Amino acid sequence: MTDRAARRAAALGAAGCVVAGAVAVTVAVVAGPGPGPTGYVSEAGVTDSGYAGAYRIGIFTLAAALLLLAGALPPAARTASVLLGGGAVATALSGTVTCSAGCPLPPFEAATVADLVHGGASIAATAAVVFAMLALVCRPAVGVALRRVAAIGAALALPLSGAVGLAMLLVGRGALVGVLERVLLTATAAWALATAVVLVRRGPRLTPGR
């Protein structure tokens with residue numbers, strides 16, 4: 001298999017994993033016993049949740065999607081690939097280390113070590129994806145299509161990330177953080193899927209102006 005074909009296959013796998021992972025996590029969040037939009041998405045993965053298994057499968061599948069997407073990007077996007085690889089590791093860690101009931105986080109709640117590890121890994125994973133978008137925007141050599149998708153993704157994800165961070169520090173767990181978190185995760189998943197589709201349709205060796 002040529003390098004071009006391998007990268008396209010990785011992009012196709014990334015697209016499939018994004019869809020499958022997002023569906024699994026959504027089912028766990030919607031059908032699980034969590035507090036709905038007033039809580040964190042991670043609460044679907046709490047050990048005593050009946051849908052914790054589906055949640056973890058979804059998270060690990062999304063981690064695989066990021067790793068495949070990192071491998072599918074063109075060589076000119078090395079920085080973005082490294083960031084996505086790191087995001088994949090952080091995502092897998094967040095799925096491995098589950099939080100306690102309610103997924104408490106400071107400054108409003110007392111958190112366990114596992115809560116801090118899980119929360120930190122989740123934040124790191126999201127940040128890595130957002131920075132990967134920015135890295136693509138700043139690399140003309142990756143081509144117009146990838147940069148356009150990354151610019152749209154960053155325009156959505158950056159303000160949402162800031163809003164989630166401020167809400168967690170100023171308000172704490174509740175409907176505001178819950179809704180913002182869901183919108184942010186949807187935006188990042190949509191970017192990953194759109195990027196994978198571009199790579200499948202046009203090939204990883206996109207050139208400027210194409």
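The side chain of Ser 42 makes a polar contact with the side chain of Tyr 55, at 3.5 Å. A polar contact is a pair of N or O atoms within 3.5 Å; within protein, one must be able to donate a hydrogen and the other to accept it, and residues adjacent in sequence count only if both atoms are side-chain atoms. This is a predicted model, where local features need pLDDT of at least 70, side-chain atom pairs count only at pLDDT 80 or more, and totals for chains, interfaces and linings use all residues. Residues are numbered from 1 along each chain as its sequence is written, and side-chain values use heavy atoms, with hydrogens and water left out.

Where does Ser 42 sit? Find the loop between helix 1 and helix 2. Ser 42 counts as buried because its relative accessible area is 9% (buried means under 20%, exposed over 50%, partly exposed in between, with a 1.4 Å probe and protein chains only). Leaving out residues up to four places away in sequence, Ser 42 touches Tyr 55, Cys 99, Cys 103, His 118 and Ser 122. Such a contact means heavy atoms within 4.5 Å.

Now step back. The chain has six helices and zero strands. Helices (H or I, at least four residues) and strands (E, at least two) are DSSP runs, numbered from the N terminus.

What holds the middle? The largest nonpolar core has 47 residues, and Leu 69, Leu 73, Leu 84, Leu 136 and Trp 191 have the most contacts inside it. A nonpolar core is a set of buried Ala, Val, Leu, Ile, Met, Phe, Trp, Tyr and Cys residues joined through side-chain atoms within 4.5 Å. Helix 5 gives the most to this core, with 10 residues. A second, separate core of seven residues includes Val 25, Val 29, Val 41 and Ala 44.

Helix 5 (residues 144-170) also holds Gly 165. Gly 165 is partly exposed, because its relative accessibility is 27%.

Across the chain, buried residues make up 46% of the 210 residues. The C-alpha atoms fill a box of roughly 50 × 30 × 25 Å, taken along the principal axes.

How far can you trust the picture? The mean pLDDT of the chain is 91, and 94% of its residues reach 70 or more. pLDDT is the predictor's confidence in each residue, from 0 to 100. Take care at residues 206-210, where pLDDT stays under 50.
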